[in-house]
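Work through the following exercises with the sequence and the model side by side, and try each task before reading its solution.

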Amino acid sequence: MKVIILAGGGGTRLFPLSRKRRPKQFLHINKNKSLLAETVERFRQLVKAEDIVIVTGRDYLFSVQSELAECDASAVHIVLESAARNTAPAIALAAQYCCDVLGGSEDEALFVAPSDHIVRPISVYGDMVQKAAGKAREGQFVVFGAEAVRPETGFGYIEAGEKQSDKTYKIKAFKEKPDKATAVEYIKKGNYFWNAGMFCFTWHTYREELRKYAEPVYRCILETYAQTAAAFSKMPGISIDYAVAEKTQRGVMVPLDLYWNDVGSWDALYEVLDKDSSGNAIKGDCISVNCSDSLLWGQSRLIAGIGLKDIMVVETDDVILVAQKGESQHVREIVNRLKARGRREVDEHTTIYYKWGYATLLNEGTGYRMKKLTINPGGVLPEKMHYHRAVHWIVTRGAALVGINGQVRMMHSNESVFIPMTTPYKIENPGKVPLIIIEVSSGEYLGEDDEKFISSEKDVIKG
């Protein structure tokens, strides 16, 4: 069996913690690992790392590689989408990679899962995955349904039909995200499950179903993986639900008889967090007095709550969100309004991830900007220059090999250097520990486009 993990989404339902260029699969929710790393470790108990494929966008490549290194899973394969085309094309690309590059059989089970869900216990989940793999090898198109325990309007639903002897269900219908009244009716009927976004099938089955029901996608699947990857941007953007799951005659549902949470909203996240005796979920530097059933999440400053009940307070270094519990689905409206105003907060955190490490904005004002650069061991900033600003560097940790206008020197903690406008410069961390530099830029124009790269092309992922 091969496992395909979908890590290309850029959702913002957990704004301000999750943003378009640093989505929730990279967030550390209730552990010291990201949701993506937890997902990889979950499947490593079922298959070898070499049998896991993560499909993601180029903007997330460095973040994915970093997470794999953190969980000692660098042998996991990464398939890059050349453009965002939703799940049906992404799965087709990864499935062909499993066959053409990894040497898998067209009749080998492929298990497809999101990268940002919480599932437990793992032992029970493993049994369900193996059951799905067996059904897939029989030519079935397997989907997973989670028990609908409340009238949730943020999920799609699966209407279950006849129950089979092996405790799977025939699929009667898929339902779009309902309004509240319809969701209440679903719960009353008792045969509706939340669509958990997990699938299992063989490459042969999936390709045949695409040929029947999503011919525009099927046409772009060429003879080899390399050819399909080159033509990937020509595929239409469509989800696997619309393309195949809602139409196939081979569908069977495996019920998730365990705890499942897609962490798709702040209400859902509150549910999975540890809580104190008053029902408060607290993370970060927070103090609560006479608070109950509330969420206090701080990242960069002290949060003090008094007399709060059913309130969620989420703080990052550039945004504070305050919401009533039960209203977190409306976070999308906030994001849409910010997007309409052209606010950078929709897409970016104050930390930007690069191939060499990351940069965090500390402060800025008219004519100046201050950042903290963290350069990984062996990391190299490409040579560049600025036309409208000068740069002042102060090393606070580690050793830096700095080249300025062709002159190379070593810098250590508490040393500084000034780089005038139009002067080429580059930096490398030759040491074994992260290099930390405080960078102060000053000038009449501080836009990111005021830089000319000399030695190599800019290699950046924002988050």
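A residue is called buried when its relative accessible area is under 20%, exposed when it is over 50%, and partly exposed in between, using a 1.4 Å probe and protein chains only. Helices (H or I, at least four residues) and strands (E, at least two) are DSSP runs, numbered from the N terminus. The model is predicted, so that local features need pLDDT of at least 70 and side-chain atom pairs count only at pLDDT 80 or more, while totals for chains, interfaces and linings use all residues. Residues are numbered from 1 along each chain as its sequence is written, and side-chain values use heavy atoms, with hydrogens and water left out.

**Exercise 1. Describe the length and the burial of helix 3 (residues 87–100).**

Begin with the span: the 14 residues of helix 3 reach 20 Å from the first C-alpha to the last, which is close to the 20 Å expected at 1.5 Å a residue (the expected span is 1.5 Å times one less than the number of residues). Next, turn to the burial, where 12 of the 14 residues of helix 3 are buried, so that the helix is mostly covered. Among these buried residues are P89, I91, L93 and Y97. Finally, look for a partner: helix 3 is one of the elements against which the buried residues of helix 6 (residues 203–213) pack.

**Exercise 2. Is K24 buried or exposed, and which backbone oxygens does its side chain reach?**

First locate K24, which is found in the loop between strand 1 (2–6) and helix 1 (35–44). K24 counts as buried because its relative accessibility is 10%. Then examine the polar contacts (pairs of N or O atoms within 3.5 Å; within protein, one must be able to donate a hydrogen and the other to accept it, and residues adjacent in sequence count only if both atoms are side-chain atoms). A polar atom of the K24 side chain lies 2.3 Å from the backbone oxygen of D262, and the side chain also reaches the backbone oxygen of V263 at 2.9 Å. Leaving aside neighbours within four places in sequence, K24 is in contact (heavy atoms within 4.5 Å) with residues including R13, D116 and G264.

**Exercise 3. Where is H392 placed, and which residues does it touch?**

H392 is partly exposed, because its relative accessible area is 33%. Not counting residues up to four places away in sequence, H392 touches S416, V417, F418, I438, E439 and V440.
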